[in-house]
Amino acid sequence: MKSITILIADDEAEIADLIELHLEKEGYCCLKVPDGLEAISAIQTHDIDLAILDIMMPKLNGFETTRKIRDQYHLPIIFLSAKGTDLDKITGLVSGADDYMTKPFNPMELVARVNAQLRRSKQLNQPPAANKTVLEAGGMFIYPEQRTVSIYGETIEITPKEFDILFLLASYPKKVFSAENIFQQVWGETYYEGSNTVMVHIRTLRKKLGEDIHKHKLIKTVWGVGYTFNG
């Protein structure tokens, strides 16, 4: 059976060692690097299943590193950072991260989040037959197996979470999903009150879908209730 390899990118050696200690107890293999450039190199040369990235890394920060990783790879990414404001978290999630934890952190909680992201990644990489159908609406095509989206023949770049949100809504046109419903199904975690993570992801998704240009809102807001696909 293939061993699972976790990339730990953090210039604080003590923190990287602590994370490695707890992950290895779970049976995971770990690869540690001190900066963003080495993180990208490690992903290009090793079979990495999940990455844990600090934000304030030398040479290339976590946000930039994530964007470069997302150009080619879909592995789960967890940010672990001392930057803990809501804006920092939103920026991290919008840049392509799947989860965000602030320092100081509980190592066991980090392990639990790693396990959750790996379970979800495995499920997404083994989609049920019913989810292989290409979805089409208003000049947009969604390809579940390739996890890509095109509009009027042009492929658009979206993050894994943006794809999951779009595919969920498009799979049930006209059905209204609350932010809580979307968060629980896409992130696979309990929704926390006051979270605007879903709202931010949908806002950026709408821009990428070119709703202002094409004058057709594919994702409609139902005020006080949630969101629905208006294909």
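**Close-up views of a predicted model**

At 54% relative accessibility, Lys-174 counts as exposed. The structure shown is a predicted model. The legends below start with this lysine and move on to helix contacts, cores and single residues.

**View 1. Lys-174, in the loop between helix 6 and helix 7.** Lys-174 is not a glycine, yet its phi is positive, at about 75 degrees. The cut-off for an exposed residue is over 50% relative accessible area, so the 54% of Lys-174 puts this residue in the exposed class.

**View 2. Helix 6 against helix 7.** The axes of these two helices come within 10 Å and cross at roughly 120 degrees. Helix 6 is therefore oblique to helix 7. The crossing is right-handed. Helix 6 brings Lys-161, Asp-164, Ile-165, Leu-168 and Leu-169 to the contact. Helix 7 brings Ile-182, Gln-185, Val-186 and Trp-187. Sorted by class, the residues of this contact are six nonpolar, one polar and two charged.

**View 3. Arg-120, a buried arginine in helix 5.** Helix 5 covers residues 107-124 and holds Arg-120. Is Arg-120 buried or exposed? Buried means under 20% relative accessible area, and Arg-120 has 15%, so Arg-120 counts as buried. Leaving aside residues up to four places away in sequence, Arg-120 touches Asp-164, Gln-185, Val-186 and Trp-187. Arg-120 and Trp-187 are 67 residues apart along the chain, and their C-alpha atoms are separated by 8.3 Å.

**View 4. The largest nonpolar core.** This core has 29 residues. Met-140, Ile-142, Leu-166, Ile-182 and Leu-209 have the most contacts inside it. At least two residues come from each of strand 6 (135-137), strand 7 (140-143), strand 8 (148-151), helix 6 (160-171), helix 7 (179-187), helix 8 and strand 11 (226-229). Which element gives the largest share of this core? Helix 6 does, with seven residues. In soluble globular proteins, nonpolar side chains tend to be buried together.

**View 5. Helix 4 against helix 8.** Helix 4 spans residues 86-94, and helix 8 spans residues 197-209. They pack at an angle of about 45 degrees, and their axes are 10 Å apart. The two helices are therefore oblique to each other. Their crossing is right-handed. On helix 4, the contact uses Ile-90, Leu-93 and Val-94. On helix 8, Thr-197, Val-200, His-201 and Thr-204 meet them. Four residues of this contact are nonpolar, three are polar and no residue is charged.

**View 6. The buried residues of helix 4.** Asp-88, Ile-90, Gly-92 and Leu-93 are buried in this helix. Two of these names, Ile-90 and Leu-93, return from the contact with helix 8. What do the buried residues of helix 4 pack against? Their partners are helix 3 (62-70), strand 4 (77-81), strand 5 (99-102), helix 7 and helix 8. Just after helix 4 comes Gly-96, with a positive phi of about 130 degrees.

View 7. The bond from Lys-103 to Pro-104 is cis. Its omega is near -5 degrees. Pro-104 sits in the loop between strand 5 and helix 5.

**View 8. Lys-59, in the loop between strand 3 and helix 3.** Strand 3 covers residues 50-53. Phi of Lys-59 is near 70 degrees, a positive value in a residue other than glycine. Lys-59 is exposed, with a relative accessible area of 63%.

**View 9. The whole protein.** The fold has nine helices and 11 strands. Of the 231 residues in the protein, 49% are buried. Among contacts with a separation of 6 or more, residues 24 or more positions apart account for 55%.

Definitions and conventions
Residues numbered from 1 in each chain as written. Predicted model: local features only at pLDDT ≥ 70, side-chain atom pairs only at ≥ 80, totals over all residues. Heavy atoms only, no water. Axes fitted to C-alpha atoms, helices over the stretch in contact; angles between N-to-C directions. Helix = DSSP H or I, 4+ residues; strand = E, 2+ residues; numbered from the N terminus. Parallel < 35°, antiparallel > 145°, perpendicular 65-115°, else oblique. Left-handed = near helix turned anticlockwise from the far one by under 90°. Contact = heavy atoms within 4.5 Å. Nonpolar A, V, L, I, M, F, W, Y, C, P; charged D, E, K, R; others polar. Core = buried A, V, L, I, M, F, W, Y, C linked by side-chain atoms within 4.5 Å. Buried < 20%, exposed > 50% of the residue type's maximum accessible area, 1.4 Å probe, protein only.
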